[in-house]
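Here is a report on one protein model. Look at the sequence and the structure first, then read on.

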Amino acid sequence: MRLGRRALRDAGYPEDEVNAYTPDTALVNHYDDSARLGMHQDKDESALAPVVSLSIGDACTFRFGNTENRGKPYTDLRLRSGDLFIFGGASRLAYHGVTRVHPFTAPDGCGLEAGRINITMRTTGLTD
Ligand SMILES: O=C(O)CCC(=O)C(=O)O
Ligand SMILES: [Fe+2]
């Protein structure tokens, strides 16, 4: 939670929103070399609090789209080990996905020799 709040603060979120940020779930996805994640919106959460995403291991091509549909316009960007990405505000419900993982791009010492791990902090409101 401290990391999530720090990320929001560094990204310029107002201090009241930073202090109110209380994610209750960490979703961990592991990708091997051939794994993909189709375009989707993160809308299972009860709240529209930002989703903070952390990447570890191999880099990936992350497709960041629009809020209307799975198609264009979208931007392909590379998420590398150590990168942090925030889905918040107008981009909270943007469609997004992972189009490919780039083998052998994990930096030494990141804790993962192959594949990619993504951790997202979410405010689900679920209690059990
Ligand atoms: O792996 C990523 O960077 C995105 C993961 C994702 O979109 C999700 O878990 O909902
Ligand atoms: Fe997602």
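At 21% relative accessibility, His40 counts as partly exposed. The cut-offs explain the label: buried means under 20% relative accessible area, exposed means over 50%, and partly exposed lies in between (1.4 Å probe, protein chains only). His96 is buried, with a value of 4%.

A word on the source. This is a predicted model, in which local features need pLDDT of at least 70, side-chain atom pairs count only at pLDDT 80 or more, and totals for chains, interfaces and linings use all residues. Residues are numbered from 1 along each chain as its sequence is written, chains are lettered from A and ligands numbered from 1 in the order in which they are written, and side-chain values use heavy atoms, with hydrogens and water left out.

**The iron site**

Which residues hold the iron ion (ligand 2) as protein donors? They are His40 (NE2), Asp42 (OD) and His96 (NE2), at 2.1 to 2.2 Å from the metal. Donors are N, O and S atoms within 2.8 Å of the metal (3.2 Å for Na, K and Ca); water is not among the atoms, so sites may look incomplete. Along the chain, the donors follow the spacing H-x1-D-x53-H. Distant parts of the chain are linked here: His40 belongs to strand E2 and His96 to strand E7, 56 residues apart.

Strand names need a rule. Helices (H or I, at least four residues) and strands (E, at least two) are DSSP runs, numbered from the N terminus.

**The sheet with E2 and E7**

E2 and E7 belong to an open sheet of four strands, in the order E2-E7-E4-E5, with antiparallel pairing. Strands E2 (37–40) and E5 (75–79) stand at the edges with a single partner strand each, so one side of each has no neighbour in the sheet. From one strand to the next, the twist averages 25°. Two strands pair if DSSP finds at least two bridges between them. Strands of a sheet pair through backbone hydrogen bonds, either parallel or antiparallel.

Strand E4 (residues 59–64) pairs with strand E7 (residues 96–102) over six bridges. E4 also pairs with E5, over five bridges. Is E4 enclosed or open? Five of its six residues are buried, so E4 is largely enclosed by the rest of the structure.

E8 pairs with E1 over seven bridges. Six bridges join E8 to strand E3 (residues 51–57). Met121 in E8 has two bridge partners: Ala26 and Val52. E8 is mostly covered, with five of its seven residues buried.

| Residue | Bridge partner | Strand of the partner |
|---|---|---|
| Phe62 | Val98 | E7 |
| Cys60 | Leu79 | E5 |
| Ser53 | Thr120 | E8 |
| Ala26 | Met121 | E8 |
| Val52 | Met121 | E8 |

**Rings**

How many aromatic pairs does a search of the whole structure find? The count is six. Rings of Phe, Tyr and Trp (its six-membered ring) pair if their centres lie within 6.5 Å; planes under 30 degrees apart count as stacked, over 60 as edge-to-face and the rest as tilted. Phe62, Phe64, Phe85 and Phe87 are linked into a cluster by ring pairs.

A charge also meets a ring. Arg116 lies over the face of Tyr31, 5.0 Å from the ring centre. The test asks for NZ of Lys or CZ of Arg within 6 Å of the ring centre and within 35 degrees of the ring normal.

**Two backbone details**

Lys72 and Pro73 are joined by a cis peptide bond, with omega about 0°. Pro73 sits in the loop between E4 and E5.

Phe104 has a positive phi of about 65°, although it is not a glycine. This residue is in the loop between E7 and strand E8 (116–122). Phe104 is exposed, with a relative accessible area of 83%.

**The record**

UniProt, in an unreviewed entry, lists residues 22–125 as "domain: Fe2OG dioxygenase". Such annotations may be inferred rather than shown by experiment. In the model, this span is 0% helix and 45% strand, and its end C-alpha atoms lie 10 Å apart.

Key. Axes are lines fitted to C-alpha atoms, for helices over the stretch in contact, and angles run from 0 to 180 degrees between N-to-C directions.
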